[in-house]
Amino acid sequence: MATTRKKRVLTGSRATGMPHLGNYFGAYKPAIDLQDRFELFLFLADFHALNEHYPPEENRLNSYRMVASFLACGLDPSKSLLYAQSAVPEVNELAWILSCQVPFGVMARAHSFKDAQAKGIDINMGVFNYPILMAADILLFDANLVPVGQDQKQHLEMARDMAQRFNHHYGECLVIPEPMISDTVAVVPGTDGEKMSKSKNNTVSLFADDKEWKKQVMSIVTDAKGLADPKDPDTCNVFKIYSLLGGPAEIGAMREKYIAGGYGYGHAKMELLEKLKEKFGPMRDKYVSWMNRQGDLREMLHEGSRNARALAAEKLNMVQGRLGLIGRPF
Ligand code: ADP
Ligand code: TRP
């Protein structure tokens, strides 16, 4: 009897700092929530992190942080595949193949490249080629669903386009991935109201000590309304972040207090801080305990990476066969 493979969910995160609530709600949680029903591939995008230049010891620490975070958030390596992008050279081989198909004009329209250009940042070729490497991450593993935040939507469209282009020229071979972007968490706001992002210093960290969490929550920008004034919850960053953490009744209660007045932003921030501790405190303990076992983290990553490579090699054989390349002795 033919068995059908479970749908495959895949997502990655750049090892560029301490993961934050935006990463959690936009990508990690939606991915990990699916690990019982689907095949989950979760990986450390450590090559993608290289287009920013961190000292080696920071790259190393950020990689451990990412793996420890995935595990603390509930990734179960006995059910799901956890690996490092840098340990799967086939990703880069497929990236080259795809780069030979993508027109320059398409790449020049990528938001990530245009944003870097607009900011006057020195652009290396890693920034320019970023969407191709990301497409290779996805297409090499036949991913069906890719949970990401809104900022990655265009990259997903580009990956779909690359797969379609390849299939058109060489016959059905690459799976067309679907982005999975949930409206409510597509853009989690940071402490300044802009998109929360590691590079903007506006994050509420997933795992910080109480003092750091307090500092981050207290720094959330609000308008200047006084304690007595009625307030608009829907334009308030504190309320927006609280809405991600609280249950429906708690969110409703805070909403009413905003509208009624006599409830200051300081009160709302304290409630948010307590909720953060309640919700992420236990996960933080797991995170800290994983960070104290870096040898185990490395071993787990290596084992997952070996399994990922075996799958990657099979797919690359197929792709190279379609292209008429005869060199791979596998
Ligand atoms: P950052 O932008 O902070 O460097 P990453 O590039 O590592 O984060 O992103 C990892 C995942 O988290 C991606 O799927 C990205 O879309 C998602 N993500 C990042 N920031 C947010 C946010 N503020 N809201 C929703 N999703 C986000
Ligand atoms: N580009 C993503 C980000 O900046 C990270 C990433 C790399 C990714 N490869 C991926 C996400 C493949 C999903 C699938 O957030």
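Lys-231 lies over the face of Tyr-265, at a distance of 5.4 Å from the centre of the ring. This placement, like every feature described here, is taken from a predicted model.

Contacts between aromatic rings were examined next, and the count comes to 15 aromatic pairs. In one of these, the rings of Phe-41 and Phe-141 have their centres 5.5 Å apart and their planes at 70 degrees; since planes over 60 degrees apart count as edge-to-face, the pair is assigned to that class. Phe-41 belongs to strand 2 (residues 39–45), whereas Phe-141 is found in the loop between helix 6 (125–139) and strand 4 (145–147), so the pair ties together parts that are 100 residues apart in sequence. Phe-41 and Phe-141 are both buried. An edge-to-face arrangement is also formed by Phe-113 and Phe-128, with 4.9 Å from centre to centre and 85 degrees between the planes. Because Phe-113 lies in helix 5 (residues 111–118) and Phe-128 in helix 6, this pair ties together parts that are 15 residues apart in sequence. Phe-113 is buried, as is Phe-128. Ring pairs also link Phe-41 and Phe-141 with Phe-43 and Tyr-83 into a cluster.

Helix 2 (residues 56–72) was considered in terms of its span and its burial. With 17 residues at 1.5 Å a residue, helix 2 should span 24 Å, and the agreement is seen in its end C-alpha atoms, which are 24 Å apart. The buried residues of helix 2 include Asn-59, Asn-62, Ser-63 and Tyr-64, and also the run of Met-66, Val-67, Ala-68, Ser-69, Phe-70, Leu-71 and Ala-72. Among the elements that cover these buried residues are strand 1 (8–14), strand 2 and strand 3 (81–84), together with helix 1 (21–32), helix 11 (265–291) and helix 12 (294–323). Strand 2, which contributes to this cover, is also the strand in which Phe-41 lies. Just after helix 2, Gly-74 adopts a positive phi of about 115 degrees.

Oxygen atoms of the ligand take part in polar approaches to side chains: a polar side-chain atom of Arg-14 lies 2.9 Å from an oxygen atom of ligand 1, and an N or O atom in the side chain of Asn-23 is 3.1 Å from an oxygen atom of ligand 1. With Met-196 the backbone is involved, in that one of its polar backbone atoms is 2.9 Å from a nitrogen atom of ligand 1.

Methods
Residues are numbered from 1 along each chain as its sequence is written. Chains are lettered from A and ligands numbered from 1 in the order in which they are written. This is a predicted model: local features need pLDDT of at least 70, side-chain atom pairs count only at pLDDT 80 or more; totals for chains, interfaces and linings use all residues. Side-chain values use heavy atoms; hydrogens and water are left out. Rings of Phe, Tyr and Trp (its six-membered ring) pair if their centres lie within 6.5 Å; planes under 30 degrees apart count as stacked, over 60 as edge-to-face and the rest as tilted. Helices (H or I, at least four residues) and strands (E, at least two) are DSSP runs, numbered from the N terminus. Buried means under 20% relative accessible area, exposed over 50%, partly exposed in between (1.4 Å probe, protein chains only). A charge sits over a ring if NZ of Lys or CZ of Arg is within 6 Å of the ring centre and within 35 degrees of the ring normal. The expected span of a helix is 1.5 Å times one less than its number of residues. Contact means heavy atoms within 4.5 Å. A polar contact is a pair of N or O atoms within 3.5 Å; within protein, one must be able to donate a hydrogen and the other to accept it, and residues adjacent in sequence count only if both atoms are side-chain atoms.
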